[in-house]
Amino acid sequence: MTGVLRPGHVQIRVFDLEESVRFYRDVLGLVETGRDDKGRVYFKCWDERDHNSYIIRQAEEAGIDFFGFKVLNVETLDKLEADLNEYGIETSRMPAGDMLATGERVRFTLPTGHIMELYAEKSAVGNGLTNANPGPWNAASEHGIAPVRLDHMLLYGPNVAANKKIFEEVLGFFLVERVLAEDGEFEAALWLSCSHKVHDIAFVEHPEPGKLHHCSFLMESWEKVLRAGDIMSMNEVSVDIGPTRHGITRGCTIYAWDPSGNRFETFMGGYQPYPDYETITWDWDHFPQGLDYPQRKLHESFLTIVT
Ligand SMILES: [Fe+2]
């Protein structure tokens, strides 16, 4: 991996900041790493090295402000910005320091209406373990649900075909899986990877632009996903679906909502694709298995509720 590395941050809107801080810190078990003069609260997952990955701000409406992918270095950032411009995508630069501990960000709007960023620099604060002879976990990994990392986002918006072209032709992603609409041709949903992960980002065709379906957090085991379900119930968190397994990506999962109605996922599993793998296709008739393999069910709430 030498270009785009991973989803590095996402900024989410919430109704009540302090209620949300309690939820993300004590129920989901993220680590609070800072607050800025714009009123934003910064979190990371316990095993992430960089200063922040999940940022919340108070607003009237829930949803996603923007998301950012980390790239290898500043030269890669400059090169990808030039490539985007040459492809016909306008970019702007957010100054270093606009987000805590984060360098300059190259920002642009995707055809689906989402604001995407690339950045090369975010201060490393470590995962609380030493780099020499570390233990496998620490106290932070036991607080709340405690996922190990922000893994991917699923976003809803129009014209996912145009997004696909940008991710494949400019940003170096490859298409891992897709769902075809009833006509057997139109790509209704796409799972794209820039790494060895089964997806780093996914898109679903949807008439309204800029919508968030979920941010996903990686757990270390199926047992930890089930423990996440226990913690959700103990805290009366609204659960959408699961625990179950997707046919698509093979992920083992629970989906639930934060106090503002932003969906999030705690999941584990999947497989490790390479860029030379042929894309896996799900036809519309098998989409219920793709969504929920054991129950073979199209969950109405899962397909229609976005923020
Ligand atoms: Fe997901």
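Predicted model: local features only at pLDDT ≥ 70, side-chain atom pairs only at ≥ 80, totals over all residues.

Which residues hold the iron ion as protein donors? They are His152 and His214, each through NE2, plus Glu265 through OE, and they sit 2.1 to 2.2 Å from the ion. If you want to find them along the sequence, the spacing reads H-x61-H-x50-E. Take the last two: histidine 214 is in strand β13, residues 211-218, while glutamate 265 is in strand β16, residues 263-269, so to speak a link between distant parts of the chain, 51 residues apart. Are those two buried or exposed? Histidine 214 is buried, at a relative accessible area of 2%, and glutamate 265 is buried with a value of 2% as well.

Now let me zoom out. The chain divides into domain 1, residues 4-142, and domain 2, residues 149-304. Their centres, taken over C-alpha atoms, are separated by 20 Å. As for how they meet, 41 residues of domain 1 are in contact with 44 residues of domain 2.

On the annotation side, the UniProt record, an unreviewed entry, lists "domain: VOC" for residues 6-121 and 149-269. In the model, the 6-121 span is 22% helix and 39% strand, with its end C-alpha atoms 13 Å apart. The 149-269 span comes out at 19% helix and 47% strand, and there the end C-alpha atoms lie 14 Å apart.

Okay, next up is a lysine I'd like you to look at. Lysine 44 is in strand β3, residues 41-44. Is lysine 44 buried or exposed? Its relative accessibility is 4%, and the cut-off for buried is under 20%, so lysine 44 counts as buried. What does its side chain find in there? A polar atom of that side chain lies 2.7 Å from the backbone oxygen of glutamate 48, and one lies 3.2 Å from the backbone oxygen of tryptophan 46. Leaving out residues up to four places away in sequence, lysine 44 touches a whole list of residues, including Leu30, Thr33, Asp50, His51 and Val125. For a sense of scale, lysine 44 and methionine 232 are 188 residues apart in sequence, and their C-alpha atoms are 19 Å apart in space.

Lysine 70 counts as buried, at 12% relative accessibility, and aspartate 50 is buried with a relative accessible area of 12%.

Another bridge pairs lysine 197 with aspartate 151, with the closest N and O atoms 3.9 Å apart. Here too distant parts of the chain are linked: lysine 197 is in the loop between β11 and β12, aspartate 151 is in strand β9, and they are 46 residues apart. Both of these residues are buried.

For a contrast, look at glutamate 220 and lysine 224, whose side chains meet in a salt bridge at 3.3 Å, N to O. Glutamate 220 is partly exposed, at 47% relative accessible area, and lysine 224 counts as partly exposed at 25%. There's also a network of salt bridges that links Asp36, Lys38, Arg40, Asp98, Arg105, Arg107 and Glu117.

Last stop, threonine 102. Threonine 102 is in the loop between β6 and β7, and at 5% relative accessibility this threonine counts as buried. Its side chain reaches the backbone oxygen of leucine 100 at 2.8 Å. A polar contact of 3.1 Å joins the side chains of threonine 102 and lysine 122. Among the residues threonine 102 touches, again skipping sequence neighbours up to four places away, are His9, Asn52, Tyr119 and Glu121.

How values were computed:
Residues numbered from 1 in each chain as written. Heavy atoms only, no water. UniProt positions renumbered as here; feature names shortened; annotations may be inferred. Helix = DSSP H or I, 4+ residues; strand = E, 2+ residues; numbered from the N terminus. Donors = N, O, S within 2.8 Å, 3.2 Å for Na, K, Ca; no water. Buried < 20%, exposed > 50% of the residue type's maximum accessible area, 1.4 Å probe, protein only. Contact = heavy atoms within 4.5 Å. Polar contact = N/O pair within 3.5 Å; in protein donor to acceptor, adjacent residues only side chain to side chain. Salt bridge = Lys/Arg side-chain N within 4 Å of Asp/Glu carboxyl O. Domains from an automatic or database assignment.
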